[in-house]
Amino acid sequence: MIAAADRLIMSIFAANAGKRNNRRAHMSAVSRDWLNALPKVELHLHLEGTLEPALMFDLARRNNIQLPFDSVDQIRKAYEFSDLQDFLDIYYQGAKVLQVEQDFYDLVWAYLNKCQQQNVIHVEPFFDPQTHTDRGIPFATVINGILRALQDGEAQLGITSQLIMCFLRHLSEQAAFDTLAQAEPYLDRIVGIGLDSAEQGHPPEKFSRVFAKARDLGLLTVAHAGEEGPAEYVWTAINDLKVARVDHGVRSIDDPKLIAHLVETRIPLTVCPLSNTRLRVFGDMSQHNILRMLEAGVCVTVNSDDPAYFGGYMTENFETLARSLDMTKEQAKQLVLNAIEASFADDTRKQAMRDLLDTRSGN
Ligand code: ADE
Ligand code: ZN
(Lines give C-alpha, C1' and ligand atoms only; values in the text may rest on other atoms or scores of the structure.)
(Ligands and ions follow the chains in the order given, each with its own letter.)
Protein backbone atom coordinates (compact mmCIF):
# COMPACT_ATOMS: atom_id res chain seq x y z
CA MET A 1 0.00 0.00 0.00
CA ILE A 2 2.66 2.51 -1.05
CA ALA A 3 0.90 5.82 -1.58
CA ALA A 4 1.96 8.99 -3.35
CA ALA A 5 3.52 10.51 -0.22
CA ASP A 6 5.60 7.41 0.32
CA ARG A 7 6.81 7.66 -3.29
CA LEU A 8 7.59 11.37 -2.77
CA ILE A 9 9.54 10.60 0.39
CA MET A 10 11.32 7.72 -1.29
CA SER A 11 12.42 10.02 -4.09
CA ILE A 12 13.82 12.54 -1.57
CA PHE A 13 15.46 9.64 0.20
CA ALA A 14 16.93 8.28 -3.03
CA ALA A 15 18.23 11.71 -4.00
CA ASN A 16 20.11 11.86 -0.72
CA ALA A 17 21.36 8.29 -0.92
CA GLY A 18 24.64 9.16 -2.65
CA LYS A 19 25.51 11.71 0.02
CA ARG A 20 24.56 9.29 2.75
CA ASN A 21 26.57 6.41 1.35
CA ASN A 22 29.58 8.68 0.99
CA ARG A 23 29.16 9.84 4.56
CA ARG A 24 28.77 6.27 5.80
CA ALA A 25 31.96 5.19 4.13
CA HIS A 26 33.79 7.58 6.47
CA MET A 27 31.83 6.60 9.55
CA SER A 28 32.16 3.77 11.97
CA ALA A 29 29.16 1.52 12.58
CA VAL A 30 26.76 2.72 15.24
CA SER A 31 27.42 0.46 18.22
CA ARG A 32 25.05 -0.46 21.01
CA ASP A 33 27.45 1.14 23.53
CA TRP A 34 27.37 4.45 21.65
CA LEU A 35 23.57 4.37 21.44
CA ASN A 36 23.26 3.46 25.11
CA ALA A 37 25.55 6.34 26.12
CA LEU A 38 23.67 8.83 23.94
CA PRO A 39 21.45 11.02 26.17
CA LYS A 40 17.86 10.24 25.19
CA VAL A 41 14.35 11.61 25.75
CA GLU A 42 11.24 9.39 25.89
CA LEU A 43 7.88 10.89 24.90
CA HIS A 44 5.71 7.82 24.25
CA LEU A 45 5.73 5.32 27.09
CA HIS A 46 2.82 3.65 28.86
CA LEU A 47 3.80 3.06 32.49
CA GLU A 48 1.57 -0.04 32.54
CA GLY A 49 3.60 -1.25 29.56
CA THR A 50 6.80 -1.37 31.63
CA LEU A 51 5.46 -4.21 33.79
CA GLU A 52 8.17 -6.85 33.39
CA PRO A 53 7.09 -10.50 33.84
CA ALA A 54 9.26 -10.88 36.96
CA LEU A 55 7.59 -7.89 38.65
CA MET A 56 4.20 -9.17 37.50
CA PHE A 57 4.88 -12.41 39.39
CA ASP A 58 6.14 -10.57 42.49
CA LEU A 59 3.07 -8.34 42.61
CA ALA A 60 0.71 -11.26 41.96
CA ARG A 61 2.27 -13.09 44.93
CA ARG A 62 2.18 -9.97 47.13
CA ASN A 63 -1.49 -9.35 46.32
CA ASN A 64 -2.68 -12.97 46.24
CA ILE A 65 -3.66 -12.84 42.60
CA GLN A 66 -3.78 -15.94 40.44
CA LEU A 67 -2.05 -15.39 37.07
CA PRO A 68 -2.99 -17.49 34.02
CA PHE A 69 0.76 -18.27 33.64
CA ASP A 70 3.07 -20.59 35.60
CA SER A 71 6.41 -19.01 34.74
CA VAL A 72 8.16 -15.97 33.29
CA ASP A 73 8.97 -18.12 30.25
CA GLN A 74 5.32 -18.90 29.70
CA ILE A 75 4.47 -15.20 29.88
CA ARG A 76 7.10 -14.37 27.30
CA LYS A 77 5.71 -17.04 24.98
CA ALA A 78 2.26 -15.44 25.27
CA TYR A 79 3.72 -12.17 23.95
CA GLU A 80 3.25 -13.12 20.29
CA PHE A 81 0.73 -10.55 19.11
CA SER A 82 -1.27 -10.59 15.90
CA ASP A 83 -2.40 -6.97 16.18
CA LEU A 84 -3.10 -4.11 18.62
CA GLN A 85 -6.26 -5.65 20.11
CA ASP A 86 -4.53 -8.98 20.69
CA PHE A 87 -1.84 -7.10 22.65
CA LEU A 88 -4.31 -4.92 24.57
CA ASP A 89 -6.18 -8.00 25.87
CA ILE A 90 -2.98 -9.31 27.49
CA TYR A 91 -1.83 -5.87 28.63
CA TYR A 92 -5.07 -5.07 30.51
CA GLN A 93 -4.98 -8.54 32.06
CA GLY A 94 -1.39 -7.97 33.28
CA ALA A 95 -2.28 -4.62 34.88
CA LYS A 96 -4.61 -6.37 37.33
CA VAL A 97 -1.66 -7.19 39.61
CA LEU A 98 -1.35 -3.46 40.39
CA GLN A 99 -3.45 -2.99 43.52
CA VAL A 100 -1.96 -0.62 46.09
CA GLU A 101 0.03 2.63 45.92
CA GLN A 102 3.35 0.85 46.51
CA ASP A 103 2.73 -1.37 43.46
CA PHE A 104 2.46 1.70 41.24
CA TYR A 105 5.55 3.16 42.89
CA ASP A 106 7.55 -0.03 42.30
CA LEU A 107 6.44 -0.20 38.67
CA VAL A 108 7.54 3.35 37.92
CA TRP A 109 10.72 3.13 39.99
CA ALA A 110 11.83 0.03 38.04
CA TYR A 111 11.23 1.89 34.76
CA LEU A 112 13.22 4.93 35.93
CA ASN A 113 16.14 2.74 36.93
CA LYS A 114 16.09 1.27 33.44
CA CYS A 115 16.12 4.82 32.09
CA GLN A 116 19.18 5.63 34.16
CA GLN A 117 21.00 2.54 32.82
CA GLN A 118 20.17 3.67 29.27
CA ASN A 119 20.90 7.39 29.74
CA VAL A 120 17.31 8.50 29.25
CA ILE A 121 17.39 11.95 30.85
CA HIS A 122 13.79 13.14 30.47
CA VAL A 123 10.50 11.21 30.21
CA GLU A 124 6.87 12.12 29.53
CA PRO A 125 5.05 8.91 30.43
CA PHE A 126 1.37 8.02 30.03
CA PHE A 127 -0.82 6.39 32.61
CA ASP A 128 -4.29 4.90 32.01
CA PRO A 129 -6.37 5.60 35.15
CA GLN A 130 -9.48 3.88 33.76
CA THR A 131 -7.62 0.55 33.56
CA HIS A 132 -7.45 0.72 37.35
CA THR A 133 -10.49 2.73 38.48
CA ASP A 134 -12.75 0.36 36.49
CA ARG A 135 -11.45 -2.45 38.77
CA GLY A 136 -12.21 -0.45 41.91
CA ILE A 137 -8.73 0.97 42.53
CA PRO A 138 -9.05 4.61 43.64
CA PHE A 139 -7.64 7.27 41.31
CA ALA A 140 -5.58 8.63 44.24
CA THR A 141 -3.87 5.25 44.79
CA VAL A 142 -2.73 5.17 41.17
CA ILE A 143 -1.52 8.73 40.81
CA ASN A 144 0.08 9.06 44.24
CA GLY A 145 2.28 6.00 43.64
CA ILE A 146 3.27 7.27 40.20
CA LEU A 147 3.99 10.84 41.32
CA ARG A 148 6.07 9.74 44.30
CA ALA A 149 8.29 7.59 42.05
CA LEU A 150 8.65 10.38 39.47
CA GLN A 151 9.68 12.81 42.24
CA ASP A 152 12.26 10.33 43.55
CA GLY A 153 13.43 9.81 39.96
CA GLU A 154 14.25 13.49 39.65
CA ALA A 155 15.77 13.83 43.15
CA GLN A 156 17.82 10.63 43.12
CA LEU A 157 18.47 9.86 39.45
CA GLY A 158 18.30 13.34 37.87
CA ILE A 159 15.59 12.20 35.43
CA THR A 160 13.06 14.97 34.79
CA SER A 161 9.48 14.13 33.85
CA GLN A 162 6.07 15.42 32.82
CA LEU A 163 3.09 13.12 33.36
CA ILE A 164 0.34 12.60 30.75
CA MET A 165 -3.05 11.06 31.57
CA CYS A 166 -4.64 8.99 28.80
CA PHE A 167 -8.30 8.22 28.17
CA LEU A 168 -9.17 4.77 26.86
CA ARG A 169 -10.83 5.39 23.51
CA HIS A 170 -12.84 2.15 23.50
CA LEU A 171 -14.75 3.58 26.49
CA SER A 172 -17.33 6.36 26.28
CA GLU A 173 -16.94 10.12 26.10
CA GLN A 174 -18.77 10.33 29.46
CA ALA A 175 -16.23 7.98 31.06
CA ALA A 176 -13.46 10.31 29.86
CA PHE A 177 -15.28 13.32 31.35
CA ASP A 178 -15.58 11.44 34.68
CA THR A 179 -11.87 10.65 34.63
CA LEU A 180 -10.98 14.27 33.92
CA ALA A 181 -13.10 15.31 36.92
CA GLN A 182 -11.22 12.83 39.14
CA ALA A 183 -7.92 14.30 37.96
CA GLU A 184 -8.83 17.89 38.88
CA PRO A 185 -7.08 17.90 42.30
CA TYR A 186 -3.85 16.82 40.55
CA LEU A 187 -3.84 19.11 37.52
CA ASP A 188 -0.75 20.98 38.68
CA ARG A 189 1.15 17.68 38.35
CA ILE A 190 -0.29 16.51 35.01
CA VAL A 191 1.02 18.32 31.93
CA GLY A 192 -1.52 16.99 29.47
CA ILE A 193 -3.97 14.37 28.33
CA GLY A 194 -3.71 11.66 25.71
CA LEU A 195 -5.84 9.07 23.95
CA ASP A 196 -4.95 5.40 23.64
CA SER A 197 -6.30 1.82 23.35
CA ALA A 198 -8.15 0.35 20.33
CA GLU A 199 -7.90 2.86 17.50
CA GLN A 200 -10.03 1.35 14.72
CA GLY A 201 -13.63 2.52 14.99
CA HIS A 202 -12.82 5.05 17.73
CA PRO A 203 -11.80 8.21 15.83
CA PRO A 204 -10.28 11.16 17.70
CA GLU A 205 -13.40 13.31 17.20
CA LYS A 206 -15.31 11.00 19.57
CA PHE A 207 -13.42 12.92 22.29
CA SER A 208 -13.50 16.47 20.86
CA ARG A 209 -15.57 17.91 23.72
CA VAL A 210 -13.58 16.37 26.57
CA PHE A 211 -10.32 17.46 24.93
CA ALA A 212 -11.74 21.01 24.63
CA LYS A 213 -12.56 20.96 28.34
CA ALA A 214 -9.06 19.75 29.17
CA ARG A 215 -7.53 22.55 27.08
CA ASP A 216 -9.72 25.04 28.94
CA LEU A 217 -8.24 23.65 32.16
CA GLY A 218 -4.77 24.46 30.82
CA LEU A 219 -3.75 20.95 29.77
CA LEU A 220 -1.78 20.15 26.62
CA THR A 221 -3.10 17.41 24.35
CA VAL A 222 -1.65 14.43 22.49
CA ALA A 223 -3.37 11.42 20.91
CA HIS A 224 -2.54 8.06 19.39
CA ALA A 225 -3.47 8.30 15.72
CA GLY A 226 -2.35 6.61 12.53
CA GLU A 227 -0.98 3.54 14.29
CA GLU A 228 -3.47 0.98 12.93
CA GLY A 229 -6.01 3.64 11.99
CA PRO A 230 -5.91 5.74 8.79
CA ALA A 231 -4.10 9.00 8.05
CA GLU A 232 -7.53 10.65 8.37
CA TYR A 233 -7.34 10.07 12.14
CA VAL A 234 -4.08 12.05 12.24
CA TRP A 235 -5.87 14.97 10.58
CA THR A 236 -8.74 14.85 13.09
CA ALA A 237 -6.33 14.52 16.03
CA ILE A 238 -4.67 17.72 14.78
CA ASN A 239 -7.79 19.65 13.75
CA ASP A 240 -10.36 18.48 16.30
CA LEU A 241 -8.25 17.64 19.35
CA LYS A 242 -5.57 20.32 18.67
CA VAL A 243 -2.80 17.94 19.64
CA ALA A 244 0.72 19.22 20.28
CA ARG A 245 2.09 15.82 19.19
CA VAL A 246 0.74 12.74 17.44
CA ASP A 247 1.55 9.37 19.01
CA HIS A 248 2.70 6.89 16.32
CA GLY A 249 1.35 8.66 13.21
CA VAL A 250 3.21 6.30 10.89
CA ARG A 251 0.20 5.97 8.54
CA SER A 252 0.59 9.70 7.75
CA ILE A 253 2.75 8.45 4.91
CA ASP A 254 -0.41 7.50 2.99
CA ASP A 255 -1.34 11.18 2.55
CA PRO A 256 1.10 13.58 0.79
CA LYS A 257 -0.76 16.67 2.01
CA LEU A 258 -0.51 15.45 5.59
CA ILE A 259 3.22 14.83 5.27
CA ALA A 260 3.65 18.34 3.84
CA HIS A 261 1.61 19.73 6.76
CA LEU A 262 3.73 17.85 9.32
CA VAL A 263 6.93 19.13 7.71
CA GLU A 264 5.66 22.71 7.63
CA THR A 265 4.23 22.81 11.17
CA ARG A 266 6.84 20.52 12.83
CA ILE A 267 3.98 18.78 14.69
CA PRO A 268 5.97 15.85 16.09
CA LEU A 269 5.29 12.13 15.69
CA THR A 270 6.29 9.91 18.63
CA VAL A 271 7.24 6.76 16.74
CA CYS A 272 7.80 3.36 18.39
CA PRO A 273 9.74 1.04 16.07
CA LEU A 274 9.71 -2.21 18.09
CA SER A 275 6.03 -1.74 18.94
CA ASN A 276 5.18 -1.28 15.27
CA THR A 277 6.79 -4.54 14.22
CA ARG A 278 5.55 -6.52 17.24
CA LEU A 279 1.98 -5.35 16.52
CA ARG A 280 2.47 -5.95 12.78
CA VAL A 281 1.94 -2.38 11.67
CA PHE A 282 5.03 -3.14 9.56
CA GLY A 283 5.84 -6.70 8.49
CA ASP A 284 9.53 -6.19 9.13
CA MET A 285 11.79 -3.48 10.56
CA SER A 286 13.41 -3.02 7.13
CA GLN A 287 10.02 -1.65 5.96
CA HIS A 288 9.75 0.94 8.74
CA ASN A 289 9.28 4.50 7.45
CA ILE A 290 10.78 6.51 10.36
CA LEU A 291 14.06 7.41 8.66
CA ARG A 292 12.31 8.23 5.40
CA MET A 293 10.10 10.67 7.29
CA LEU A 294 13.15 12.05 9.13
CA GLU A 295 14.95 12.72 5.85
CA ALA A 296 11.82 14.40 4.48
CA GLY A 297 11.84 16.85 7.41
CA VAL A 298 9.11 15.41 9.66
CA CYS A 299 9.81 15.88 13.39
CA VAL A 300 9.91 12.15 14.19
CA THR A 301 11.16 10.81 17.53
CA VAL A 302 12.07 7.33 18.85
CA ASN A 303 10.19 5.81 21.79
CA SER A 304 9.50 2.44 23.39
CA ASP A 305 5.68 2.42 23.94
CA ASP A 306 5.33 -0.77 26.06
CA PRO A 307 8.89 -2.00 26.45
CA ALA A 308 8.15 -4.98 28.73
CA TYR A 309 5.87 -6.38 26.01
CA PHE A 310 7.73 -5.44 22.83
CA GLY A 311 11.26 -6.60 23.54
CA GLY A 312 13.13 -3.43 24.32
CA TYR A 313 13.55 -0.02 25.93
CA MET A 314 15.02 3.10 24.35
CA THR A 315 18.48 1.76 23.53
CA GLU A 316 17.00 -1.32 21.84
CA ASN A 317 14.66 0.84 19.78
CA PHE A 318 17.57 2.92 18.51
CA GLU A 319 19.63 -0.21 18.01
CA THR A 320 17.05 -1.84 15.75
CA LEU A 321 17.13 1.26 13.52
CA ALA A 322 20.91 1.05 13.29
CA ARG A 323 20.80 -2.68 12.43
CA SER A 324 17.79 -2.78 10.11
CA LEU A 325 17.81 0.66 8.52
CA ASP A 326 21.47 1.61 8.67
CA MET A 327 20.75 4.64 10.86
CA THR A 328 23.81 6.89 11.16
CA LYS A 329 25.07 8.67 14.30
CA GLU A 330 23.98 11.94 12.74
CA GLN A 331 20.44 10.62 12.32
CA ALA A 332 20.39 9.26 15.89
CA LYS A 333 21.41 12.69 17.21
CA GLN A 334 18.76 14.39 15.07
CA LEU A 335 16.11 12.01 16.45
CA VAL A 336 17.10 13.03 20.00
CA LEU A 337 17.16 16.72 19.04
CA ASN A 338 13.64 16.28 17.65
CA ALA A 339 12.51 14.72 20.95
CA ILE A 340 13.95 17.67 22.90
CA GLU A 341 12.16 20.09 20.56
CA ALA A 342 8.91 18.07 20.89
CA SER A 343 9.04 17.73 24.68
CA PHE A 344 6.94 19.70 27.15
CA ALA A 345 10.00 20.65 29.21
CA ASP A 346 10.61 24.37 29.69
CA ASP A 347 13.20 26.22 27.61
CA THR A 348 15.89 26.11 30.30
CA ARG A 349 15.63 22.32 30.60
CA LYS A 350 15.53 21.96 26.81
CA GLN A 351 18.76 23.95 26.47
CA ALA A 352 20.41 21.89 29.24
CA MET A 353 19.44 18.71 27.38
CA ARG A 354 20.83 20.05 24.09
CA ASP A 355 24.09 20.96 25.83
CA LEU A 356 24.34 17.48 27.35
CA LEU A 357 23.68 15.90 23.96
CA ASP A 358 26.46 18.04 22.44
CA THR A 359 29.03 17.12 25.06
CA ARG A 360 28.14 13.43 25.28
CA SER A 361 27.54 12.48 21.67
CA GLY A 362 31.12 12.67 20.40
CA ASN A 363 32.38 9.81 18.27
N1 ADE B 1 -1.90 1.28 25.05
C2 ADE B 1 -0.69 0.78 25.32
N3 ADE B 1 0.01 0.65 24.19
C4 ADE B 1 -0.76 1.10 23.18
C5 ADE B 1 -0.57 1.24 21.79
N6 ADE B 1 0.56 0.87 21.17
N7 ADE B 1 -1.59 1.72 21.06
C8 ADE B 1 -2.74 2.09 21.66
N9 ADE B 1 -2.95 1.98 22.96
C10 ADE B 1 -1.97 1.50 23.72
ZN1 ZN C 1 1.29 3.97 22.82
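A residue counts as near a molecule if one of its heavy atoms lies within 4 Å of that molecule. Keep in mind that this is a predicted model, in which local features need pLDDT of at least 70 and side-chain atom pairs count only at pLDDT 80 or more. Residues are numbered from 1 along each chain as its sequence is written, and ligands are numbered from 1 in the order in which they are written.

Select ligand 1 to begin, and then show the residues that surround it, among them His46, Leu84, Ser197, His224 and Asp305.

Next, look for polar contacts, which are pairs of N or O atoms within 3.5 Å. A nitrogen atom of ligand 1 is 2.8 Å from a polar backbone atom of serine 197, while a polar side-chain atom of aspartate 306 lies 2.6 Å from a nitrogen atom of the ligand. Taken alone, ligand 1 exposes 260 Å², and the protein buries 100% of that area, as computed by the Shrake-Rupley method with a 1.4 Å probe.

Now select helix 5, residues 84–94, which gives the most to the shell around ligand 1, with four residues; helices here are DSSP runs of H or I with at least four residues, numbered from the N terminus. Within this helix, pick out phenylalanine 87 and tyrosine 91, which are separated by about one helical turn because they stand four residues apart.

Technical notes: Side-chain values use heavy atoms; hydrogens and water are left out. A polar contact is a pair of N or O atoms within 3.5 Å; within protein, one must be able to donate a hydrogen and the other to accept it, and residues adjacent in sequence count only if both atoms are side-chain atoms. Helices (H or I, at least four residues) and strands (E, at least two) are DSSP runs, numbered from the N terminus.
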